[in-house]
Amino acid sequence: MQTECPTCDGAVVLPAGTEVSEIISCSECQTRLVVEEVGDAPRVEVAPAIEEDWGE
Amino acid sequence: MSKIRLGLLHSTIRGDEKLILQAARDRGVEVELVDIRTQIFNPETYRANFKVALERSVSTVKGNYAIRFLEAQGVKVVNSSAVASLCEDKFLTSLALQAQGVATPKFALVFTYEQAVAATEQLGGFPVILKPALGSWGRLLSKINDLDALETIIEHKEVLGGPQQKAFYFQQFVDKPGRDIRAFVIDGQVIAAIYRHSPHWITNTARGGQASNCPITPELAEICRQASQAVGGGILAMDVFEVGGGRRGQGTRNGRGGKTTQPAGFSINEINHTMEFKNSEAPTGVSISGAIVDYCIRLAKENEK
């Protein structure tokens with residue numbers, strides 16, 4: 001699966017087993033991305049910014 | 001017996017959730033991914049397709065609401081709302097540990113600068129640690145070394161902070177030996193532990209602390225068992241201080257005059273109810289994700305009885 005980074009338009013390859021909502025990084029511009037769709041028409045968006053109540 | 005079905009409550013999926021998913025699939029568990037951000041938690045319309053759920057939301061607030069809602073629908077959620085509500089709040093965690101006589105650093109909660117000065121003296125003076133009672137990833141922790149810094153930080157919080165930031169949770173500073181311990185505890189049993197090494201007084205791996213395997217001694221296992229019991233059990237990650245060499249915390253006494261039964265040498269700092277563990281499987285050689293799923297399987301089987 002391959003799509004484009006919304007920030008730099010670089011190619012983003014989604015390996016097999018990638019899940020919707022998974023956080024990945026663009027290999028070209030390092031932007032944190034969230035996977036919105038997988039399958040025939042994969043799509044990623046810029047990941048949501050870290051919020052105050054995130055994490056352990 | 002029918003296939004075990006597990007609800008996995010999540011928001012963004014991190015490496016930790018990927019490991020859990022893989023462990024569940026390896027064990028033949030059917031996982032229903034529930035992105036809580038896309039749900040409508042309306043009791044008149046929502047129908048859960050699982051009887052046991054594992055809560056893995058990166059957002060504490062959203063995760064807690066999801067737990068409460070699903071519990072109201074009769075779903076057994078790990079961790080429970082009772083455990084989550086204690087562990088999300090450092091002051092409540094400290095109170096629960098102290099009530100059960102589990103060694104933990106001295107602490108106090110105040111609402112004004114004047115009380116902060118007095119509390120600092122009660123906790124042994126400077127340096128003292130100020131933490132948000134509700135906080136994560138080591139953010140906004142302050143090691144306050146003198147009165148000037150205390151005054152400045154309190155003033156900033158009073159002027160700029162939200163209501164939660166205006167409840168000042170103080171903790172005795174514990175002089176660590178360049179490391180602390182993160183123990184992974186499931187159903188009261190330590191399944192793995194790491195040292196978190198850092199030259200900085202904050203050792204969170206989220207802040208750059210380096211992990212290495214920590215042996216599980218009987219003393220470590222025992223204090224973690226008691227701490228787990230104090231907050232209600234489940235799947236927990238405990239931050240543990242080594243306090244040997246005469247450095248002991250409040251846990252040497254239970255605050256009511258009675259001596260604790262804790263082994264010397266450890267003190268429970270914090271307990272996390274949505275543990276992050278992906279970087280701890282390699283140094284420990286333990287499949288923490290597998291142990292999490294195994295625990296959920298046990299609960300699901302008990303639920304069917």
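Modeller: Helices (H or I, at least four residues) and strands (E, at least two) are DSSP runs, numbered from the N terminus. Please keep in mind as we go that this is a predicted model.

Biologist: In which loop of chain B does B:Leu140 lie?
Modeller: B:Leu140 has a phi near 65°, a positive value in a residue other than glycine, and B:Leu140 is exposed, with a relative accessible area of 52%. As for its place in chain B, B:Leu140 lies in the loop between β6 and β7 (142-144).

Biologist: Is A:Ser21 buried or exposed?
Modeller: A:Ser21 is found in the loop between β2 (11-13) and β3 (23-25) of chain A, and its phi is near 80°, which is positive although the residue is not glycine. Most residues other than glycine have a negative phi. The relative accessible area of A:Ser21 is 4%, and a residue under 20% counts as buried, so A:Ser21 is buried.

Biologist: What is omega for the cis peptide bond that joins B:Phe126 and B:Pro127?
Modeller: Most peptide bonds are trans. B:Pro127 lies in the loop between α5 (113-122) and β6 (128-132) of chain B. The bond joining B:Phe126 to B:Pro127 is cis, and its omega is about -5°.

Biologist: In which loop of chain B is B:Asn79 found?
Modeller: The peptide bond that leads from B:Val78 to B:Asn79 is cis, with omega near -5°. In chain B, B:Asn79 is found in the loop between β4 (76-78) and α3 (81-87).

Biologist: How many disulfides are there over all chains?
Modeller: A disulfide needs two cysteine sulfur atoms within 2.5 Å. The cysteine sulfur closest to that of A:Cys5 belongs to A:Cys29 and is 3.7 Å away, so it is too far for a bond, while the sulfur of B:Cys224 is 9.1 Å from its closest counterpart, in B:Cys214, and therefore also too far. Both A:Cys5, with a relative accessible area of 1%, and B:Cys224, at 0%, are buried. Over all chains, the count of disulfides comes to 0.

Biologist: Leaving aside neighbours within four places in sequence, which residues is B:Val174 in contact with?
Modeller: B:Val174 lies in the loop between β8 (168-172) and β9 (179-186) of chain B, and with a relative accessible area of 10% B:Val174 is buried. Once its neighbours within four places in sequence are left aside, B:Val174 is in contact with B:Pro105, B:Phe241 and B:Val243.

Biologist: Which residues in chain A lose the most area to chain B?
Modeller: The contact takes 15 residues from chain A and 25 residues from chain B, and the two chains bury about 1,600 Å² between them, with 44% of it on carbon and sulfur atoms. On the side of chain A, three residues together account for 45% of what that side buries, and those that lose the most area are A:Glu19, A:Trp54 and A:Glu56.

Biologist: How many salt bridges does the rule find across the interface of chain A and chain B?
Modeller: The residues of chain A that touch chain B divide into 5 nonpolar, 4 polar and 6 charged, and 19 residue pairs are in polar contact across the interface. One salt bridge is formed where the side chains of A:Glu56 and B:Arg182 meet, at 3.1 Å from N to O. Across the interface of chain A and chain B, the number of salt bridges is 3.

Key
Residues numbered from 1 in each chain as written. Chains lettered and ligands numbered in written order. Predicted model: local features only at pLDDT ≥ 70, side-chain atom pairs only at ≥ 80, totals over all residues. Heavy atoms only, no water. Buried < 20%, exposed > 50% of the residue type's maximum accessible area, 1.4 Å probe, protein only. Contact = heavy atoms within 4.5 Å. Buried area = accessible area lost by both parts, 1.4 Å probe. Salt bridge = Lys/Arg side-chain N within 4 Å of Asp/Glu carboxyl O. Polar contact = N/O pair within 3.5 Å; in protein donor to acceptor, adjacent residues only side chain to side chain. Nonpolar A, V, L, I, M, F, W, Y, C, P; charged D, E, K, R; others polar.
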